[in-house]
Amino acid sequence: LQLRTLSKDDATEHYLCWMEDSAISRYLESGQEKQTLASIAAYIEDKNRSADDLLLGIFGSPRSTCEW
């Protein structure tokens with residue numbers, strides 16, 4: 001596993017699929033809104049510009065599908 005800050009390059013189809021999973025997104029502040037690759041990239045960039053926020057991702061081996 002790897003823990004690191006996110007970049008807009010992390011706004012991928014896999015991330016979008018994860019955000020569209022209601023079992024996951026219902027616990028997230030953004031879970032009530034429809035997400036797009038552009039909205040995810042904008043969110044990441046906004047948090048990275050903030051002096052008060054730290055957005056981290058936990059990365060493991062990549063998966064080719066959204067099936068959990």
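Predicted model: local features only at pLDDT ≥ 70, side-chain atom pairs only at ≥ 80, totals over all residues.
Here is a short walk through the fold, the core, the surface and the charged pairs of this chain.

Residues are numbered from 1 along each chain as its sequence is written, and side-chain values use heavy atoms, with hydrogens and water left out.

**Fold and core**

The chain has 3 helices and 2 strands, in the order β-α-α-α-β from the N terminus. Helices (H or I, at least four residues) and strands (E, at least two) are DSSP runs, numbered from the N terminus. Of the 68 residues, 22% are buried; that means under 20% relative accessible area, while exposed is over 50% and partly exposed is in between (1.4 Å probe, protein chains only).

Leu 6, Ala 11, Tyr 15, Leu 16, Met 19, Ile 40, Ala 41, Ile 44 and Leu 55 form the largest nonpolar core, 9 residues in total. Such a core is a set of buried Ala, Val, Leu, Ile, Met, Phe, Trp, Tyr and Cys residues joined through side-chain atoms within 4.5 Å. Helix H1 (13–19) and helix H3 (37–49) each put in at least two of its residues. Setting aside neighbours within four places in sequence, Ile 44 touches Leu 6, Ser 7, Lys 8, Ala 11, Tyr 15 and Leu 55, where contact means heavy atoms within 4.5 Å.

**Surface**

What does Leu 3 look like, buried or exposed? Leu 3 sits in strand S1 and is exposed, at 57% relative accessible area. Together with Leu 1, Leu 54, Leu 56 and Ile 58, Leu 3 makes a nonpolar surface patch of about 650 Å².  Patches take residues with over 30% relative accessible area and no salt bridge; like charges are joined within 9 Å, nonpolar side chains (Val, Leu, Ile, Met, Phe, Trp, Tyr) within 5 Å. Areas come from the Shrake-Rupley method with a 1.4 Å probe, and for residues only the protein chains shown count as cover.

**Charged pairs**

A salt bridge is a side-chain nitrogen of Lys or Arg within 4 Å of a carboxyl oxygen of Asp or Glu. The count comes to 4, including these:

| Pair | N to O distance |
|---|---|
| Arg 4 and Asp 10 | 2.9 Å |
| Lys 8 and Glu 45 | 3.9 Å |
| Lys 47 and Asp 53 | 3.6 Å |

Lys 8 is in the loop between S1 and H1 and Glu 45 is in helix H3, so this pair ties together parts 37 residues apart in sequence. Asp 10 lies in the loop between strand S1 (2–5) and H1 and is buried at 12%, whereas Arg 4 is partly exposed at 28%.
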